[in-house]
Amino acid sequence: MKVPYNWLNDYVDINVDAKELGDILTLTGSQLEEVEIQGDNIKNVVVCHILKIEKHPDADRLNVCQVNIGTEEIQIVTAATNMKEGDKVPVALHKSILADGTEIKKGKMRGVVSNGMFCSEEELGIAGDEPVHGLMILPEDAPVGMDIKEYLKLNKAILDFDITSNRPDCLSMVGMARETAAALGTTYKMPNMSFETKSSKNINDELEVEIKSSLCNRYMARGVKNVKIAPSPGWMQERLLEAGIRPINNIVDITNFVMLEIGEPMHAFDARQITSKKIVVDTAKDGEKFTTLDEQERELNSTVLCIKDGDRTICLAGIMGGLNSEIEEGTTEVVFECANFDGTNIRVNSKALGIRTESSARFEKDIDPNLAELAINRACALVCELGVGDVMEGTID
(Lines give C-alpha, C1' and ligand atoms only; values in the text may rest on other atoms or scores of the structure.)
Protein backbone atom coordinates (compact mmCIF):
# COMPACT_ATOMS: atom_id res chain seq x y z
CA MET A 1 0.00 0.00 0.00
CA LYS A 2 1.30 3.42 -0.98
CA VAL A 3 1.38 5.85 1.96
CA PRO A 4 2.26 9.43 0.95
CA TYR A 5 4.39 10.96 3.72
CA ASN A 6 2.67 14.35 3.47
CA TRP A 7 -0.83 12.85 3.53
CA LEU A 8 0.03 10.83 6.63
CA ASN A 9 1.23 14.07 8.21
CA ASP A 10 -2.35 15.43 7.96
CA TYR A 11 -3.39 13.10 10.81
CA VAL A 12 -0.28 12.77 12.97
CA ASP A 13 2.78 14.94 13.66
CA ILE A 14 5.86 13.15 12.33
CA ASN A 15 9.26 14.20 13.65
CA VAL A 16 11.40 11.81 11.58
CA ASP A 17 12.10 11.62 7.85
CA ALA A 18 10.37 9.19 5.50
CA LYS A 19 13.12 6.54 5.53
CA GLU A 20 13.40 6.51 9.33
CA LEU A 21 9.62 6.36 9.67
CA GLY A 22 9.54 3.36 7.35
CA ASP A 23 12.17 1.58 9.45
CA ILE A 24 10.25 2.30 12.66
CA LEU A 25 6.93 1.06 11.24
CA THR A 26 8.59 -2.08 9.89
CA LEU A 27 9.34 -3.00 13.51
CA THR A 28 5.61 -2.79 14.31
CA GLY A 29 4.77 -5.30 11.56
CA SER A 30 4.20 -3.05 8.53
CA GLN A 31 6.98 -4.18 6.20
CA LEU A 32 8.46 -1.29 4.19
CA GLU A 33 9.08 -2.30 0.58
CA GLU A 34 10.63 0.99 -0.56
CA VAL A 35 10.63 4.76 -0.17
CA GLU A 36 9.81 6.18 -3.58
CA ILE A 37 10.35 9.77 -4.65
CA GLN A 38 7.57 10.22 -7.22
CA GLY A 39 8.60 11.73 -10.51
CA ASP A 40 12.30 11.60 -9.68
CA ASN A 41 13.23 10.57 -13.23
CA ILE A 42 10.90 12.96 -15.07
CA LYS A 43 12.59 15.81 -16.94
CA ASN A 44 11.40 18.47 -19.41
CA VAL A 45 7.68 17.62 -19.21
CA VAL A 46 5.42 20.69 -18.98
CA VAL A 47 1.78 21.77 -19.04
CA CYS A 48 0.62 22.66 -22.55
CA HIS A 49 -2.53 24.24 -23.99
CA ILE A 50 -3.99 22.59 -27.11
CA LEU A 51 -4.83 25.35 -29.60
CA LYS A 52 -5.77 23.41 -32.73
CA ILE A 53 -6.37 19.78 -33.72
CA GLU A 54 -6.35 18.52 -37.32
CA LYS A 55 -6.33 15.06 -38.87
CA HIS A 56 -2.96 13.79 -40.11
CA PRO A 57 -2.94 14.07 -43.93
CA ASP A 58 -1.62 10.53 -44.40
CA ALA A 59 -2.83 8.61 -41.32
CA ASP A 60 -6.45 8.35 -40.23
CA ARG A 61 -5.55 7.35 -36.68
CA LEU A 62 -3.20 10.27 -36.03
CA ASN A 63 -3.97 13.87 -35.07
CA VAL A 64 -1.73 16.90 -35.60
CA CYS A 65 -1.98 19.36 -32.71
CA GLN A 66 -0.70 22.91 -32.35
CA VAL A 67 0.05 23.61 -28.70
CA ASN A 68 1.26 26.49 -26.54
CA ILE A 69 3.98 25.59 -24.02
CA GLY A 70 4.31 29.07 -22.55
CA THR A 71 7.51 30.13 -24.32
CA GLU A 72 6.45 29.16 -27.86
CA GLU A 73 3.98 27.21 -29.96
CA ILE A 74 5.00 23.75 -31.13
CA GLN A 75 3.47 20.84 -33.05
CA ILE A 76 2.67 17.42 -31.56
CA VAL A 77 1.43 14.38 -33.49
CA THR A 78 -0.58 11.91 -31.40
CA ALA A 79 -2.78 8.84 -31.71
CA ALA A 80 -4.78 9.87 -28.63
CA THR A 81 -8.45 10.77 -29.12
CA ASN A 82 -9.72 11.87 -25.70
CA MET A 83 -8.47 15.48 -25.94
CA LYS A 84 -10.13 18.50 -27.55
CA GLU A 85 -9.13 22.02 -28.51
CA GLY A 86 -8.73 24.12 -25.37
CA ASP A 87 -7.63 21.21 -23.16
CA LYS A 88 -4.47 21.32 -21.08
CA VAL A 89 -2.33 18.19 -20.99
CA PRO A 90 1.23 17.20 -20.00
CA VAL A 91 3.65 17.21 -22.94
CA ALA A 92 7.11 15.65 -23.02
CA LEU A 93 9.33 17.99 -25.06
CA HIS A 94 12.44 17.26 -27.15
CA LYS A 95 15.08 15.49 -25.02
CA SER A 96 12.64 14.88 -22.17
CA ILE A 97 12.65 11.80 -19.89
CA LEU A 98 9.57 9.93 -18.68
CA ALA A 99 9.04 8.22 -15.31
CA ASP A 100 10.33 4.85 -16.58
CA GLY A 101 13.50 6.44 -18.00
CA THR A 102 12.32 6.57 -21.63
CA GLU A 103 13.83 9.52 -23.54
CA ILE A 104 11.56 11.45 -25.91
CA LYS A 105 13.05 13.24 -28.92
CA LYS A 106 11.76 15.33 -31.79
CA GLY A 107 10.89 13.21 -34.82
CA LYS A 108 8.48 12.55 -37.66
CA MET A 109 5.32 10.46 -37.61
CA ARG A 110 4.25 9.44 -41.12
CA GLY A 111 6.18 12.41 -42.53
CA VAL A 112 4.86 15.09 -40.14
CA VAL A 113 7.14 16.63 -37.50
CA SER A 114 6.28 16.00 -33.85
CA ASN A 115 8.22 18.01 -31.26
CA GLY A 116 7.49 15.63 -28.42
CA MET A 117 4.68 13.50 -26.99
CA PHE A 118 1.53 14.04 -24.97
CA CYS A 119 1.47 12.08 -21.71
CA SER A 120 -0.99 9.95 -19.77
CA GLU A 121 -0.77 9.12 -16.07
CA GLU A 122 1.10 5.98 -17.07
CA GLU A 123 3.98 7.90 -18.69
CA LEU A 124 4.21 10.04 -15.55
CA GLY A 125 4.31 6.98 -13.31
CA ILE A 126 1.17 7.90 -11.37
CA ALA A 127 -1.40 5.53 -12.88
CA GLY A 128 -1.27 3.02 -10.04
CA ASP A 129 -3.17 -0.22 -10.69
CA GLU A 130 -6.14 1.48 -12.36
CA PRO A 131 -6.56 1.17 -16.16
CA VAL A 132 -5.60 4.27 -18.17
CA HIS A 133 -7.65 5.37 -21.16
CA GLY A 134 -6.07 8.21 -23.13
CA LEU A 135 -4.17 11.32 -22.10
CA MET A 136 -4.18 12.97 -18.70
CA ILE A 137 -6.48 15.99 -18.99
CA LEU A 138 -5.44 18.69 -16.53
CA PRO A 139 -7.72 21.27 -14.83
CA GLU A 140 -8.48 24.45 -16.79
CA ASP A 141 -6.43 26.59 -14.40
CA ALA A 142 -3.21 24.58 -14.89
CA PRO A 143 -0.47 27.16 -15.68
CA VAL A 144 0.82 26.76 -19.24
CA GLY A 145 4.53 26.00 -19.35
CA MET A 146 4.82 24.91 -15.71
CA ASP A 147 7.01 21.89 -15.05
CA ILE A 148 4.65 18.94 -14.55
CA LYS A 149 6.56 17.77 -11.47
CA GLU A 150 6.02 21.15 -9.86
CA TYR A 151 2.34 21.32 -10.90
CA LEU A 152 1.47 17.79 -9.72
CA LYS A 153 3.87 18.09 -6.76
CA LEU A 154 5.51 14.82 -7.68
CA ASN A 155 8.78 15.33 -5.80
CA LYS A 156 7.38 13.79 -2.63
CA ALA A 157 8.17 10.73 -0.56
CA ILE A 158 5.83 7.76 -0.91
CA LEU A 159 6.26 4.86 1.53
CA ASP A 160 5.22 1.55 -0.02
CA PHE A 161 4.25 -1.00 2.65
CA ASP A 162 3.45 -4.68 2.34
CA ILE A 163 0.44 -4.95 4.66
CA THR A 164 -0.01 -8.54 5.82
CA SER A 165 -3.40 -10.25 5.86
CA ASN A 166 -3.65 -10.08 9.66
CA ARG A 167 -3.43 -6.27 9.70
CA PRO A 168 -6.42 -4.95 7.71
CA ASP A 169 -6.54 -2.11 10.25
CA CYS A 170 -3.46 -0.67 8.53
CA LEU A 171 -5.00 -0.55 5.03
CA SER A 172 -5.75 3.18 5.25
CA MET A 173 -4.14 6.53 5.98
CA VAL A 174 -5.95 6.72 9.31
CA GLY A 175 -4.84 3.19 10.16
CA MET A 176 -1.22 4.02 9.39
CA ALA A 177 -1.56 7.30 11.33
CA ARG A 178 -2.77 5.31 14.35
CA GLU A 179 0.19 2.95 13.93
CA THR A 180 2.59 5.88 13.53
CA ALA A 181 1.25 7.60 16.64
CA ALA A 182 1.73 4.38 18.65
CA ALA A 183 5.25 3.89 17.31
CA LEU A 184 6.32 7.52 17.91
CA GLY A 185 4.52 7.89 21.24
CA THR A 186 2.29 10.72 20.04
CA THR A 187 -1.41 11.15 19.14
CA TYR A 188 -3.37 11.11 15.88
CA LYS A 189 -6.59 12.80 14.80
CA MET A 190 -9.55 11.58 12.78
CA PRO A 191 -10.80 13.55 9.77
CA ASN A 192 -14.03 15.56 9.93
CA MET A 193 -17.11 13.31 9.91
CA SER A 194 -19.84 15.91 10.55
CA PHE A 195 -22.20 17.10 7.83
CA GLU A 196 -25.50 18.87 7.35
CA THR A 197 -28.49 17.38 5.50
CA LYS A 198 -29.77 20.11 3.18
CA SER A 199 -32.34 18.08 1.24
CA SER A 200 -35.75 17.55 2.83
CA LYS A 201 -36.10 14.23 0.97
CA ASN A 202 -35.44 11.03 2.92
CA ILE A 203 -33.63 8.16 1.18
CA ASN A 204 -35.85 5.62 2.97
CA ASP A 205 -38.82 7.01 1.02
CA GLU A 206 -37.02 6.65 -2.33
CA LEU A 207 -34.97 3.47 -2.07
CA GLU A 208 -35.32 -0.02 -0.59
CA VAL A 209 -32.48 -2.45 0.14
CA GLU A 210 -32.83 -6.22 0.49
CA ILE A 211 -29.98 -8.57 1.41
CA LYS A 212 -30.58 -12.10 0.12
CA SER A 213 -27.12 -13.56 0.75
CA SER A 214 -25.20 -14.31 3.94
CA LEU A 215 -22.06 -13.20 2.05
CA CYS A 216 -23.05 -9.59 2.83
CA ASN A 217 -22.56 -8.68 6.50
CA ARG A 218 -23.71 -5.07 6.30
CA TYR A 219 -25.04 -2.68 3.67
CA MET A 220 -25.41 1.09 4.13
CA ALA A 221 -26.75 3.68 1.68
CA ARG A 222 -27.17 7.44 1.66
CA GLY A 223 -28.47 9.75 -1.04
CA VAL A 224 -27.23 13.07 -2.42
CA LYS A 225 -29.39 15.34 -4.58
CA ASN A 226 -28.53 18.41 -6.70
CA VAL A 227 -25.14 16.91 -7.52
CA LYS A 228 -22.75 19.04 -9.58
CA ILE A 229 -20.29 16.80 -11.43
CA ALA A 230 -16.94 18.56 -11.96
CA PRO A 231 -13.23 17.92 -11.44
CA SER A 232 -12.35 17.53 -7.77
CA PRO A 233 -10.20 20.26 -6.16
CA GLY A 234 -6.45 20.25 -6.65
CA TRP A 235 -5.64 19.09 -3.11
CA MET A 236 -7.79 15.99 -3.51
CA GLN A 237 -6.39 15.16 -6.93
CA GLU A 238 -2.89 15.56 -5.51
CA ARG A 239 -3.58 13.14 -2.66
CA LEU A 240 -5.10 10.54 -5.01
CA LEU A 241 -2.25 10.78 -7.50
CA GLU A 242 0.32 10.37 -4.72
CA ALA A 243 -1.39 7.16 -3.68
CA GLY A 244 -1.60 5.82 -7.25
CA ILE A 245 -5.27 6.58 -8.00
CA ARG A 246 -6.28 8.49 -11.14
CA PRO A 247 -8.72 11.38 -10.48
CA ILE A 248 -11.99 11.06 -12.46
CA ASN A 249 -14.59 13.51 -11.11
CA ASN A 250 -15.58 14.92 -7.73
CA ILE A 251 -18.06 12.17 -6.75
CA VAL A 252 -15.91 9.22 -7.84
CA ASP A 253 -12.85 10.92 -6.33
CA ILE A 254 -14.65 11.28 -2.98
CA THR A 255 -15.33 7.53 -2.88
CA ASN A 256 -11.69 6.72 -3.72
CA PHE A 257 -10.36 9.32 -1.27
CA VAL A 258 -12.49 7.89 1.55
CA MET A 259 -11.42 4.33 0.70
CA LEU A 260 -7.76 5.30 1.01
CA GLU A 261 -8.31 7.50 4.06
CA ILE A 262 -10.65 5.29 6.13
CA GLY A 263 -9.94 1.86 4.62
CA GLU A 264 -13.55 1.17 3.61
CA PRO A 265 -14.22 0.75 -0.13
CA MET A 266 -17.23 2.73 -1.35
CA HIS A 267 -19.27 2.97 -4.52
CA ALA A 268 -21.46 5.70 -5.97
CA PHE A 269 -24.40 4.86 -8.24
CA ASP A 270 -26.19 7.25 -10.57
CA ALA A 271 -29.64 7.18 -8.93
CA ARG A 272 -31.30 7.48 -12.36
CA GLN A 273 -29.97 4.04 -13.23
CA ILE A 274 -31.61 2.33 -10.24
CA THR A 275 -34.92 2.14 -12.08
CA SER A 276 -36.60 -0.37 -9.76
CA LYS A 277 -35.90 1.86 -6.72
CA LYS A 278 -34.73 -1.31 -4.98
CA ILE A 279 -31.18 -2.52 -4.40
CA VAL A 280 -30.86 -6.27 -3.94
CA VAL A 281 -27.68 -7.93 -2.68
CA ASP A 282 -27.61 -11.45 -4.10
CA THR A 283 -25.46 -13.85 -6.10
CA ALA A 284 -25.38 -13.91 -9.90
CA LYS A 285 -26.96 -16.49 -12.17
CA ASP A 286 -24.72 -19.14 -13.75
CA GLY A 287 -23.63 -17.93 -17.17
CA GLU A 288 -24.83 -14.36 -16.59
CA LYS A 289 -22.93 -11.75 -18.67
CA PHE A 290 -21.98 -8.42 -17.10
CA THR A 291 -19.90 -5.48 -18.39
CA THR A 292 -17.70 -3.88 -15.71
CA LEU A 293 -16.42 -0.31 -15.55
CA ASP A 294 -13.29 -1.28 -17.49
CA GLU A 295 -15.61 -2.06 -20.45
CA GLN A 296 -14.89 -5.79 -20.27
CA GLU A 297 -17.77 -8.27 -20.53
CA ARG A 298 -17.44 -11.01 -17.95
CA GLU A 299 -19.25 -14.29 -17.44
CA LEU A 300 -20.47 -14.79 -13.87
CA ASN A 301 -21.59 -17.79 -11.85
CA SER A 302 -23.75 -18.38 -8.79
CA THR A 303 -20.86 -17.82 -6.35
CA VAL A 304 -20.29 -14.20 -7.41
CA LEU A 305 -21.97 -11.71 -5.07
CA CYS A 306 -23.64 -8.84 -6.90
CA ILE A 307 -25.42 -5.58 -6.21
CA LYS A 308 -28.59 -5.50 -8.28
CA ASP A 309 -31.20 -3.01 -9.43
CA GLY A 310 -34.06 -5.39 -8.77
CA ASP A 311 -33.01 -8.37 -10.90
CA ARG A 312 -30.46 -6.46 -13.01
CA THR A 313 -26.79 -6.61 -11.89
CA ILE A 314 -25.17 -3.19 -11.57
CA CYS A 315 -22.03 -4.00 -9.55
CA LEU A 316 -19.76 -6.90 -8.63
CA ALA A 317 -19.88 -6.60 -4.84
CA GLY A 318 -16.54 -5.57 -3.39
CA ILE A 319 -14.76 -5.87 -6.74
CA MET A 320 -15.88 -3.43 -9.46
CA GLY A 321 -18.90 -1.39 -10.53
CA GLY A 322 -20.81 -1.76 -13.75
CA LEU A 323 -20.76 0.35 -16.88
CA ASN A 324 -24.57 0.54 -16.68
CA SER A 325 -24.65 2.68 -13.51
CA GLU A 326 -21.46 4.75 -13.61
CA ILE A 327 -21.34 8.42 -12.61
CA GLU A 328 -21.57 10.60 -15.72
CA GLU A 329 -21.33 14.30 -16.54
CA GLY A 330 -25.13 14.62 -16.42
CA THR A 331 -25.58 12.82 -13.08
CA THR A 332 -27.64 14.92 -10.65
CA GLU A 333 -28.43 12.41 -7.90
CA VAL A 334 -26.21 9.69 -6.44
CA VAL A 335 -26.52 6.84 -3.99
CA PHE A 336 -23.45 6.21 -1.84
CA GLU A 337 -22.91 2.56 -0.93
CA CYS A 338 -20.81 1.33 1.99
CA ALA A 339 -20.93 -2.37 2.72
CA ASN A 340 -19.09 -5.31 4.21
CA PHE A 341 -18.65 -8.60 2.38
CA ASP A 342 -17.23 -12.05 3.05
CA GLY A 343 -13.49 -11.79 2.48
CA THR A 344 -12.92 -15.33 1.23
CA ASN A 345 -15.66 -15.00 -1.39
CA ILE A 346 -14.25 -11.70 -2.65
CA ARG A 347 -10.74 -13.14 -2.89
CA VAL A 348 -11.82 -16.29 -4.74
CA ASN A 349 -14.04 -14.48 -7.27
CA SER A 350 -11.66 -11.57 -7.79
CA LYS A 351 -9.00 -14.11 -8.79
CA ALA A 352 -11.40 -16.17 -10.92
CA LEU A 353 -12.61 -13.12 -12.83
CA GLY A 354 -9.09 -11.72 -13.25
CA ILE A 355 -9.97 -8.45 -11.52
CA ARG A 356 -7.87 -7.19 -8.63
CA THR A 357 -8.76 -3.71 -7.41
CA GLU A 358 -8.03 -1.49 -4.42
CA SER A 359 -11.51 -2.45 -3.23
CA SER A 360 -11.09 -6.22 -3.49
CA ALA A 361 -7.63 -6.03 -1.89
CA ARG A 362 -9.26 -4.60 1.23
CA PHE A 363 -12.42 -6.69 1.41
CA GLU A 364 -10.51 -9.94 0.98
CA LYS A 365 -8.73 -9.23 4.28
CA ASP A 366 -12.05 -9.10 6.21
CA ILE A 367 -12.15 -5.44 7.20
CA ASP A 368 -14.18 -4.21 10.19
CA PRO A 369 -17.93 -3.78 9.43
CA ASN A 370 -17.91 -0.68 11.67
CA LEU A 371 -15.82 1.14 9.05
CA ALA A 372 -18.90 1.41 6.81
CA GLU A 373 -20.52 4.03 9.02
CA LEU A 374 -17.32 6.04 9.40
CA ALA A 375 -16.77 6.02 5.64
CA ILE A 376 -20.29 7.03 4.63
CA ASN A 377 -20.23 9.87 7.17
CA ARG A 378 -16.88 11.03 5.81
CA ALA A 379 -18.14 10.94 2.21
CA CYS A 380 -21.16 13.09 3.14
CA ALA A 381 -18.89 15.49 5.03
CA LEU A 382 -16.74 15.88 1.91
CA VAL A 383 -19.84 16.47 -0.26
CA CYS A 384 -20.74 19.37 2.04
CA GLU A 385 -17.16 20.63 2.29
CA LEU A 386 -16.75 20.72 -1.49
CA GLY A 387 -20.28 22.05 -2.07
CA VAL A 388 -21.05 19.43 -4.73
CA GLY A 389 -24.55 18.37 -3.62
CA ASP A 390 -27.23 18.22 -0.92
CA VAL A 391 -27.12 15.24 1.43
CA MET A 392 -30.57 13.67 1.91
CA GLU A 393 -32.14 12.84 5.24
CA GLY A 394 -31.94 9.29 6.52
CA THR A 395 -29.68 6.28 6.22
CA ILE A 396 -30.37 2.74 5.06
CA ASP A 397 -28.43 0.31 7.24
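Reader: How many helices and strands does the protein chain have?

Author: This is a predicted model, in which local features need pLDDT of at least 70, side-chain atom pairs count only at pLDDT 80 or more, and totals for chains, interfaces and linings use all residues. Residues are numbered from 1 along each chain as its sequence is written, and side-chain values use heavy atoms, with hydrogens and water left out. Helices (H or I, at least four residues) and strands (E, at least two) are DSSP runs, numbered from the N terminus. Counted in this way, the protein chain has nine helices and 23 strands.

Reader: Why is the protein chain described as being as compact as a globular protein of its length?

Author: The radius of gyration is taken over C-alpha atoms, and the globule rule is 2.2 Å times the number of residues to the power 0.38. For 397 residues that rule gives 21 Å, and the chain is as compact as a globular protein of that length because its own radius of gyration is close to this, at 22 Å.

Reader: Is Val227 buried or exposed?

Author: Val227 belongs to the loop between β14 (216-225) and α5 (234-242). Buried means under 20% relative accessible area, exposed over 50%, and partly exposed in between (1.4 Å probe, protein chains only). Since the relative accessible area of Val227 is 6%, this residue is buried.

Reader: Which residues does Val227 touch, not counting residues up to four places away in sequence?

Author: Contact means heavy atoms within 4.5 Å. Val227 and Gly389 are 162 residues apart in sequence, yet their C-alpha atoms are 4.2 Å apart in space. With residues up to four places away in sequence not counted, Val227 touches Ile251, Thr331, Thr332, Glu333, Val334, Val388 and Gly389.
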